[in-house]
Amino acid sequence: MSTATTASVSTHILDTSIGRPAEGVAISLTARSGSDAEWVALGGSATDADGRCKDLPALPEGTTHVRLDFQTEAYFLNKDRASKKQAEAQQDAPRVRDSGAFFPEVAITFAVVPGEHFHVPLLLNPFGYSVYRGS
């Protein structure tokens, strides 16, 4: 939660290749207090069944820049395994190729100001992604 002297951050991920939330994606949060300051690891979490990460650590006072690192490779590898298993269970289904992840991680860096909440959704598919400032 943001206060008058801090900002807050939340995120969610939608896997646009299947039109569903991306569950189980590990996310780490780092922050710094100025363009020349060192990045400080604050912790992380993972997305829930709704693709949301509800328990990211609070930002320290004075934070000006935030980085969210989404570990997408493990998500896509697990999804590929599940798809193969499902395809093998269906006689007429084509086999799913093991594509892995073209982007094994997605790092998003953005500026924040005290007193505001920043929701940064990630729209993800195996070969591309986009982000935006949500509400």
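Author: Start with a rule. Strands are DSSP runs of E of at least two residues, numbered from the N terminus. The model is predicted.

Reader: Which element gives the largest share of the lining of the largest pocket?

Author: That is β1, with four residues. The elements that give two or more residues to this lining are β1 and β5 (52–53). The lining has 15 residues in total. Met1, Ser8, Val9, Leu56 and His117 lie nearest the pocket centre. The volume is about 200 Å³.

Reader: What makes up the lining of the largest pocket by class?

Author: Eight residues are nonpolar, five polar and two charged.

Reader: Where is Ser10 found?

Author: Ser10 is in strand β1, which spans residues 8–15.

Reader: Why is Ser10 called buried?

Author: The cut-off for buried is under 20% relative accessible area. Ser10 has 16%, so Ser10 counts as buried.

Reader: What makes the pair of Ser10 and His117 a polar contact?

Author: The limit is 3.5 Å between N or O atoms, where one must be able to donate a hydrogen and the other to accept it. The side chains of Ser10 and His117 meet at 2.8 Å, so the pair is within the limit.

Reader: Which residues does Ser10 touch, leaving out those up to four places away in sequence?

Author: They are Leu56, His117, Phe118, His119 and Val120. A touch here means heavy atoms within 4.5 Å.

Reader: What is meant by a nonpolar core?

Author: Buried nonpolar residues, Ile and Phe among them, must be joined through side-chain atoms within 4.5 Å. The largest such core has 25 residues. Ile13, Leu68, Phe70 and Phe110 have the most contacts inside this core. Elements giving two or more residues to the core include β1, β6 (65–71) and α1 (72–89). In soluble globular proteins, nonpolar side chains tend to be buried together.

Reader: Which residues does Ile13 touch, again leaving out those up to four places away in sequence?

Author: Among them are Val25, Ile27, Phe70, Leu122 and Leu124.

Reader: How many helices and strands are there in the protein chain?

Author: One helix and 10 strands. The order from the N terminus is β-β-β-β-β-β-α-β-β-β-β.

Reader: How much of the protein chain counts as buried?

Author: Of its 135 residues, 37% do. Among contacts between residues at least 6 apart in sequence, 66% join residues at least 24 apart.

Note on methods. Residues numbered from 1 in each chain as written. Predicted model: local features only at pLDDT ≥ 70, side-chain atom pairs only at ≥ 80, totals over all residues. Heavy atoms only, no water. Buried < 20%, exposed > 50% of the residue type's maximum accessible area, 1.4 Å probe, protein only. 1 Å grid on protein atoms, 1.4 Å probe; cavity = no way out; pocket = protein on both sides within 12 Å on 5 of 7 lines; lining within 4 Å. Points joined across faces, edges and corners; volume = space filled by probe spheres on them. Nonpolar A, V, L, I, M, F, W, Y, C, P; charged D, E, K, R; others polar.
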